[in-house]
4 protein chains.
Amino acid sequence: MEKWDSNEGTSAFHVPEWMQIQFADQKQEFNKRPTKIGRRSLSRSISQSSTDSYSSAASYTDSSDDETSPRDKQQKNSKGSSDFCVKNIKQAEFGRREIEIAEQEMPALMALRKRAQGEKPLAGAKIVGCTHITAQTAVLMETLGALGAQCRWAACNIYSTLNEVAAALAESGFPVFAWKGESEDDFWWCIDRCVNVEGWQPNMILDDGGDLTHWIYKKYPNMFKKIKGIVEESVTGVHRLYQLSKAGKLCVPAMNVNDSVTKQKFDNLYCCRESILDGLKRTTDMMFGGKQVVVCGYGEVGKGCCAALKAMGSIVYVTEIDPICALQACMDGFRLVKLNEVIRQVDIVITCTGNKNVVTREHLDRMKNSCIVCNMGHSNTEIDVASLRTPELTWERVRSQVDHVIWPDGKRIVLLAEGRLLNLSCSTVPTFVLSITATTQALALIELYNAPEGRYKQDVYLLPKKMDEYVASLHLPTFDAHLTELTDEQAKYLGLNKNGPFKPNYYRY
Amino acid sequence: MEKWDSNEGTSAFHVPEWMQIQFADQKQEFNKRPTKIGRRSLSRSISQSSTDSYSSAASYTDSSDDETSPRDKQQKNSKGSSDFCVKNIKQAEFGRREIEIAEQEMPALMALRKRAQGEKPLAGAKIVGCTHITAQTAVLMETLGALGAQCRWAACNIYSTLNEVAAALAESGFPVFAWKGESEDDFWWCIDRCVNVEGWQPNMILDDGGDLTHWIYKKYPNMFKKIKGIVEESVTGVHRLYQLSKAGKLCVPAMNVNDSVTKQKFDNLYCCRESILDGLKRTTDMMFGGKQVVVCGYGEVGKGCCAALKAMGSIVYVTEIDPICALQACMDGFRLVKLNEVIRQVDIVITCTGNKNVVTREHLDRMKNSCIVCNMGHSNTEIDVASLRTPELTWERVRSQVDHVIWPDGKRIVLLAEGRLLNLSCSTVPTFVLSITATTQALALIELYNAPEGRYKQDVYLLPKKMDEYVASLHLPTFDAHLTELTDEQAKYLGLNKNGPFKPNYYRY
Amino acid sequence: MEKWDSNEGTSAFHVPEWMQIQFADQKQEFNKRPTKIGRRSLSRSISQSSTDSYSSAASYTDSSDDETSPRDKQQKNSKGSSDFCVKNIKQAEFGRREIEIAEQEMPALMALRKRAQGEKPLAGAKIVGCTHITAQTAVLMETLGALGAQCRWAACNIYSTLNEVAAALAESGFPVFAWKGESEDDFWWCIDRCVNVEGWQPNMILDDGGDLTHWIYKKYPNMFKKIKGIVEESVTGVHRLYQLSKAGKLCVPAMNVNDSVTKQKFDNLYCCRESILDGLKRTTDMMFGGKQVVVCGYGEVGKGCCAALKAMGSIVYVTEIDPICALQACMDGFRLVKLNEVIRQVDIVITCTGNKNVVTREHLDRMKNSCIVCNMGHSNTEIDVASLRTPELTWERVRSQVDHVIWPDGKRIVLLAEGRLLNLSCSTVPTFVLSITATTQALALIELYNAPEGRYKQDVYLLPKKMDEYVASLHLPTFDAHLTELTDEQAKYLGLNKNGPFKPNYYRY
Amino acid sequence: MEKWDSNEGTSAFHVPEWMQIQFADQKQEFNKRPTKIGRRSLSRSISQSSTDSYSSAASYTDSSDDETSPRDKQQKNSKGSSDFCVKNIKQAEFGRREIEIAEQEMPALMALRKRAQGEKPLAGAKIVGCTHITAQTAVLMETLGALGAQCRWAACNIYSTLNEVAAALAESGFPVFAWKGESEDDFWWCIDRCVNVEGWQPNMILDDGGDLTHWIYKKYPNMFKKIKGIVEESVTGVHRLYQLSKAGKLCVPAMNVNDSVTKQKFDNLYCCRESILDGLKRTTDMMFGGKQVVVCGYGEVGKGCCAALKAMGSIVYVTEIDPICALQACMDGFRLVKLNEVIRQVDIVITCTGNKNVVTREHLDRMKNSCIVCNMGHSNTEIDVASLRTPELTWERVRSQVDHVIWPDGKRIVLLAEGRLLNLSCSTVPTFVLSITATTQALALIELYNAPEGRYKQDVYLLPKKMDEYVASLHLPTFDAHLTELTDEQAKYLGLNKNGPFKPNYYRY
């Protein structure tokens with residue numbers, strides 16, 4: 001992982017791109033529960049959404065009114081083990097069915113399992129994990145198991161655990177410590193039960209948000225001596241790792257899988273291209289044709305939103321601070337404006353900047369009647385929603401996730417999801433996107449675990465390009481896509497290995 | 001991809017991306033004139049094309065039948081100087097008009113001149129340049145002059161000099177040594193006259209192809225002691241610099257401006273999106289609607305070609321070797337196939353891979369009657385044109401740049417530009433694209449010349465992102481595009497300087 | 001309304017285009033309730049959908065467990081009138097609010113009201129209407145009132161009445177006879193109460209489905225002597241009128257507003273372009289990018305579906321029986337295939353033909369696992385759903401409107417809305433589309449009522465182009481669109497009246 | 001639109017749609033040669049363009065300096081016939097090769113020939129034709145021959161005849177009377193030689209512009225007794241036929257093939273979608289990305305232009321007078337403006353209205369420097385070019401078809417083709433489009449010739465839909481497109497004949 005030779009020397013380290021890209025609702029959460037659920041990534045919100053989604057939701061058996069804390073229960077799985085703590089081990093069968101459905105939609109992980117029938121790339125790995133516990137995560141965990149790893153797992157969010165899935169995992173022998181509706185104390189207790197076990201010392205960490213890593217740093221710093229690496233999935237967790245690294249305190253290699261090419265393109269460009277339409281339709285039933293829309297920010301998310309709306313017949317304006325992205329917007333056929341220039345005339349305002357107060361009260365005051373305002377960008381900071389909580393404005397909840405804010409003269413602004421992420425609040429994340437994330441995590445674990453001494457130092461790394469390419473290649477069969485292979489002569493001509501990597505690190509895709 | 005590890009950390013340097021991207025016809029040229037004109041970049045071809053283009057061509061006064069070599073002539077400009085060598089100083093007035101027209105279309109450089117009225121960022125700079133000598137280059141040179149630099153200039157191609165422009169530059173005091181139709185000996189003589197002057201020692205190099213740099217290395221290695229840096233524009237020249245660097249022989253900082261974001265996007269994605277249509281129409285007058293097309297390669301060039309043809313109603317198939325680009329093709333709505341799967345059915349085959357023998361004789365044998373074959377990728381290697389030079393096939397030149405290759409059974413293949421680059425052979429490069437290139441060069445010179453001691457080592461650098469952003473910002477007024485500025489509060493929140501750079505180096509745009 | 005000179009003479013009258021376009025679920029309904037609710041148009045389904053939509057639904061007060069039949073109740077409005085029959089006159093206030101919200105989204109009707117402040121184009125008109133009774137219809141009725149008409153109204157569907165809206169209309173003096181959940185006897189009783197009133201003889205009919213017209217034909221044929229015309233909105237009703245006309249039994253002019261240009265484009269092309277995406281997302285949360293889709297039929301509905309899916313990155317195949325539409329599909333960039341050629345490979349099958357058994361059991365047997373099958377075309381005939389009701393197949397309802405049909409080998413087909421119209425079952429119809437329909441109805445009434453003697457014979461007419469243009473012009477302000485006016489000189493040059501109509505009747509738009 | 005009625009039923013005949021659609025440069029021509037070449041259609045310009053195109057041009061042998069008038073020459077073909085008059089019968093071989101190349105690109109006519117091997121639908125037909133004489137026309141004529149017809153032919157334009165093709169036709173026995181550069185007297189002499197022959201009385205007319213028809217009306221009115229019908233191709237000729245019909249003077253059936261669906265879509269939407277880009281590129285080498293464009297008129301031509309430019313990244317504004325087309329523009333994502341609103345900011349102005357003085361001097365005065373102005377619509381009336389011929393403006397011809405008009409302050413407007421049709425002046429018409437036209441003509445002749453007594457009266461007819469569908473179906477194999485056939489059950493359900501026609505006449509496609 002060479003250095004990015006250039007002007008890094010002269011510019012201070014600044015908040016990296018992933019802070020600008022979407023997902024993490026941390027700010028918002030901090031206000032509510034400052035200590036631990038405050039720093040969460042995409043996956044938390046995803047899993048919340050996914051409880052409403054396709055394969056499951058309605059049929060879930062969660063209406064148990066069993067109020068006993070799982071910590072106070074004595075449960076055993078059918079093989080007699082009690083090394084787990086879940087809501088109700090009897091829900092295992094239902095959870096198993098959910099996992100089986102998810103398996104069908106995650107062919108890449110299933111392909112990994114098949115390839116691992118011969119060699120076990122994770123043989124000897126002892127992975128402690130802290131992620132959302134959903135059917136998709138279960139497919140990941142059981143894949144890690146099939147690849148040779150032993151795993152212990154806690155939830156990275158106190159609400160997102162699907163109890164049935166946790167039960168199914170426990171039943172099939174995974175020490176899982178998680179249930180829906182943990183208290184803060186429960187949360188740390190579960191993590192501790194994963195880490196602090198007699199006769200079992202983890203050598204790999206899979207984290208989502210950084211809480212697990214933080215706990216080990218704080219309580220068991222010596223444990224890092226045997227740990228070969230950390231794989232971190234979330235924006236927030238990655239940010240914390242970079243801070244550790246800058247402070248010289250990172251004592252093992254860490255892999256930032258959030259910024260891998262494949263994951264980024266799917267989380268942002270491809271996913272948002274669809275979810276902007278979905279989110280707007282589900283909340284407002286509006287027609288896109290002929291509508292005037294301003295999209296603030298032309299990063300991957302903005303690009304996806306603009307392309308989709310343009311294709312549906314909307315007239316799209318773009319605002320940008322970065323002249324390169326601005327020039328891209330021009331070449332893609334969008335008028336580049338300042339927000340003030342169009343705020344009086346647009347029908348929809350969409351923020352995708354990662355910035356704060358992009359839409360201010362002053363903008364809101366100038367919008368026309370019925371203007372729709374929503375956020376696809378980052379957390380809930382982009383629209384200054386707080387500024388709308390003033391006495392002269394009336395809020396009217398007209399539908400789930402839809403508020404009318406009414407001005408004294410009768411003007412109504414339609415605010416979606418109270419300024420939180422539209423795509424996570426009002427649409428769903430396709431399993432295909434989750435599959436890419438989970439495969440990326442699995443490969444990062446394999447890479448770090450098998451890397452020869454010295455390949456990785458005590459630093460934060462991006463996923464090696466070859467692994468990134470491998471994630472992509474595992475998803476091609478879904479599209480019946482046929483990759484061309486280089487001939488020997490061509491590989492030599494290009495100076496490439498026939499199996500990749502095929503691009504230099506600075507390639508932009 | 002069978003092994004469970006990646007070779008990225010340890011991988012040997014491989015042929016970089018720019019070999020895969022288009023432009024340099026070097027291979028082809030090597031065969032013809034192995035010594036020096038063999039290694040040329042985009043600009044040569046561009047300038048050739050541009051002689052056919054909009055502002056000029058027809059009216060050029062070049063039909064002089066003066067056969068005397070410029071080296072044997074005694075010429076003086078109106079101020080009495082004879083420190084130049086051009087075809088005919090009397091053509092200066094005509095050349096000046098050409099330069100003035102070009103100035104109108106290169107607002108970014110003109111803006112730079114204006115900004116330089118106060119400070120002269122190149123005061124003291126002594127730049128020796130070796131590029132194509134066209135009206136656009138003249139605007140660049142006179143801009144460098146306005147910024148405070150002294151310049152001496154030679155041509156990087158024996159054919160591409162516009163004599164009138166060279167005369168105009170000489171008339172206004174630039175020591176220019178170049179004319180159309182130099183011999184090989186002339187070529188090196190001109191370069192030497194730029195470098196080897198009493199009382200003038202260059203401290204900056206602007207090169208296009210690496211010949212100037214090579215000459216100084218060979219003849220005047222000590223000169224590098226005073227040289228602050230090299231700016232190199234071409235694929236080939238950059239390749240040579242990386243080789244020098246790898247060999248530990250690069251003794252000054254060098255800047256690879258070929259791979260700057262803005263330049264790449266315009267040279268490849270945006271320019272090719274338009275030129276694929278233009279090149280096909282001008283050569284074949286075909287209708288795009290309903291045509292089946294296979295595009296080999298889904299890099300920036302392939303993406304541009306696919307988007308344009310899809311928009312015009314063609315049905316587009318894509319071939320790829322890189323699974324990440326392949327997945328992008330899928331998500332963008334293209335069937336990913338192997339060439340063999342569709343070769344019998346397609347109406348058009350377009351190569352954009354940077355590879356060799358992508359289209360083989362076997363493929364050509366299987367194409368259907370009237371299939372059009374052309375290359376947008378790299379040099380003339382992608383289509384195995386040589387394999388068509390066999391006795392049983394008849395070649396019929398039906399139009400400039402269009403050959404029918406006729407099989408014994410009467411089947412005709414329509415081969416464009418004999419497999420050379422379609423966009424350079426059969427369409428033109430808009431001045432806007434040349435403006436971006438020239439501005440990038442100017443800013444790279446300013447950066448290297450003004451960089452504090454130690455910022456740049458003896459290595460090859462990409463253009464600093466801030467400069468890249470600046471190039472973009474200078475071109476925004478063309479589109480009446482209005483950039484948004486960060487507030488202090490926002491800049492602080494994002495951890496950014498209000499003036500940029502706005503993205504981390506690994507940002508992919 | 002000139003004759004369409006051409007081959008009409010030689011071709012027998014065939015089922016017109018509107019049978020091919022979507023909407024009417026009549027076949028399906030016939031099976032359930034053969035007598036009267038069997039012949040319904042778009043609006044019925046629309047209104048059903050709209051009860052789930054934006055402005056209302058959740059807050060409706062409909063949970064009244066009052067089981068008394070409205071026919072048995074004595075109700076008076078605040079002005080003392082009891083010439084109506086609704087569920088509960090006390091719900092009027094709530095209904096009024098719904099109507100006010102709808103008014104905001106139907107600017108065209110509101111503009112008509114304004115223009116009518118001077119002259120009353122419907123002064124003297126006595127309109128008997130039979131349509132769905134929704135907030136949008138109420139805006140239409142009150143507009144007709146503002147234009148000078150007296151109205152009496154019944155529901156065209158036993159389920160679709162919004163009781164609160166009916167109450168509000170009754171409260172403001174409209175004799176409305178309708179409630180949700182009428183019996184068949186109630187249905188005809190309500191219609192009769194509109195028609196058969198002492199001292200009130202209708203002179204205009206506004207029908208949706210033809211039941212009202214049918215009732216008058218059967219019971220009060222003499223009434224037609226004073227009736228100036230019928231305006232019919234639905235596919236089914238129009239079909240019945242053409243049959244009457246062919247049989248020589250149509251005794252007043254009738255206007256087919258279903259086939260007006262503006263209405264057709266919005267009901268089909270523009271509306272379906274959006275609702276195909278919406279319907280698929282809401283039911284399956286699928287990702288469109290890279291999916292292979294076959295769309296059966298390339299009429300307006302098919303064109304809308306194809307354009308939307310292509311824009312979202314799907315690979316779209318088209319089947320067609322009509323060579324002209326087929327050639328359009330080619331030129332628009334879609335592979336034209338027979339269903340059998342692609343049925344094994346596609347991820348989604350969408351029918352938009354208006355035909356029956358387009359997707360047969362044989363096709364269904366050959367689809368791949370997880371293939372999604374849905375209908376955007378006509379009724380529920382296009383997919384042979386009945387063929388799936390065999391013992392070896394298992395049906396699993398996984399979600400509202402989503403069934404998995406499971407083959408003995410485990411293959412699952414995802415069937416949406418049991419083959420009924422996806423856009424009506426699983427998405428919503430924007431108010432903007434309903435506004436166009438209602439405005440078209442109002443203008444058709446005005447035209448027929450004011451037409452000079454002899455302009456219209458006892459035949460079925462399309463809406464005059466000028467009226468069609470007027471509907472469009474009333475909706476332009478929504479988009480802040482500015483129409484250009486012809487100068488006198490230009491109008492003369494073109495031989496046009498400055499106010500239109502602007503196109504000959506055969507113009508295709 | 002203030003009155004509450006429509007004038008459609010009663011409206012006087014107004015200038016039909018085809019006056020609004022493009023092509024005919026008649027106005028312009030009238031000024032030059034008022035008598036006969038003044039009324040010409042697309043084909044003339046097409047054939048002019050086609051001399052520059054793909055298959056031919058450069059190699060033509062036309063540089064003969066033989067100044068003898070063909071009328072004064074004695075020529076015989078190899079079979080001894082002298083019933084023709086062409087420039088030089090010896091050029092026949094070259095012309096034959098041109099015809100053979102055209103045959104390859106006109107598969108529909110070749111398919112017609114094959115089908116005619118059994119029956120000869122034109123057996124006994126004696127067709128007198130007056131069209132442009134090009135390789136494509138020759139393929140049509142020889143197809144008519146193969147179908148059983150005898151033909152005599154003259155040119156409809158004094159300049160457009162390709163002498164070699166005329167020679168080849170004469171050599172193979174077609175009595176052709178035409179050469180390039182006829183005088184006006186020659187023109188009528190040639191026509192007369194086709195009509196006025198002993199022992200040969202035409203029974204069918206194929207006309208392009210109406211001159212042949214006019215001549216027979218004037219000179220040999222009795223001839224119409226035996227004539228079964230007229231097929232007219234051009235806008236102008238059709239207009240003259242409608243005038244005859246209105247005046248009650250049309251004494252045989254006539255078929256307007258100009259307005260058939262297939263021909264219209266290809267001449268306008270599909271062809272212009274491509275030629276707008278082609279015409280702009282060839283003349284200006286401009287980049288489309290980011291450019292602001294205003295397109296005046298949103299008919300088929302405007303729709304094509306807008307779609308293409310939007311796809312290439314331009315920002316497109318639309319002006320319209322017709323509210324329906326205006327609403328379509330809105331729904332397709334274009335801002336609908338008045339020209340004045342955007343005239344100061346746009347980079348390109350394109351007229352597609354069919355109107356006159358759409359762009360006035362006042363508009364031109366307000367355009368910004370370097371604005372490009374061109375016409376895709378109708379004749380040369382749309383841009384008031386005459387207003388630019390004033391002393392204070394300087395015209396500078398910078399390239400073929402490109403003028404700079406320079407204002408006193410130095411502002412330059414780039415005027416293309418002096419306001420004539422860009423697509424005919426500066427790009428070419430693909431053979432595929434010509435193939436559709438020629439096939440339409442052949443089928444119209446077959447229909448009229450074979451129609452049973454009484455099917456056609458003395459009126460102007462559109463091509464029967466079934467024939468229109470047949471033209472389309474003959475072109476589907478080019479795209480390897482596979483049409484679906486109705487089952488008997490489906491045909492019955494739809495009330496359709498399995499072989500079409502598939503749509504009612506008012507269907508809009």
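Visitor: What makes chain B and chain A count as being in contact?

Guide: Keep in mind that this is a predicted model. Contact here asks for C-beta atoms within 7 Å, and 72 residues of chain B are in contact with 75 residues of chain A. On the chain B side, H13(B) brings the largest share, eight residues. Helix H11 (261–284) and helix H18 (465–475) of chain B are among the elements that each supply at least two.

Visitor: Which classes of residue make up that side of chain B?

Guide: There are 36 nonpolar, 18 polar and 18 charged residues on the side of chain B that touches chain A.

Visitor: And how many residues does the contact between chain D and chain A take?

Guide: Eleven come from chain D and eleven from chain A. The chain D side splits into three nonpolar, five polar and three charged residues.

Visitor: How do you know that the buried residues of H5(D) line one face of the helix?

Guide: The buried ones in helix H5 (residues 107–115) of chain D are D:Ala108, D:Leu109 and D:Leu112. Looking down the axis of H5(D), they fall within an arc of 100°, so they line one face. An α-helix has 3.6 residues a turn, so residues three or four places apart point the same way. The buried residues of H5(D) pack against helix H6 (135–146), helix H17 (431–450) and helix H18 (465–475) of chain D.

Visitor: Why is A:Glu418 called partly exposed?

Guide: Buried takes 20 or more other C-beta atoms within 10 Å, and exposed takes 12 or fewer. A:Glu418 has 18, so it lands in between and counts as partly exposed. A:Glu418 sits in the loop between strand S14 (412–416) and helix H16 (422–426) of chain A.

Visitor: What is the phi of A:Glu418?

Guide: Phi of A:Glu418 is near 50°, a positive value in a residue other than glycine. Most residues other than glycine have a negative phi.

Visitor: What makes D:Ser370 partly exposed?

Guide: The same cut-offs apply: 20 or more for buried, 12 or fewer for exposed. D:Ser370 has 16 C-beta neighbours inside 10 Å, so partly exposed is the label. Its phi is positive too, about 75°, although D:Ser370 is not a glycine. D:Ser370 lies in the loop between helix H15 (361–366) and strand S11 (372–375) of chain D.

Definitions and conventions
Residues are numbered from 1 along each chain as its sequence is written. Chains are lettered from A and ligands numbered from 1 in the order in which they are written. This is a predicted model: local features need pLDDT of at least 70, side-chain atom pairs count only at pLDDT 80 or more; totals for chains, interfaces and linings use all residues. Helices (H or I, at least four residues) and strands (E, at least two) are DSSP runs, numbered from the N terminus. The arc is that of the directions from the helix axis to the C-beta atoms. Two residues are in contact if their C-beta atoms, placed from the backbone, lie within 7 Å. Ala, Val, Leu, Ile, Met, Phe, Trp, Tyr, Cys and Pro count as nonpolar, Asp, Glu, Lys and Arg as charged, and the others, Gly among them, as polar.
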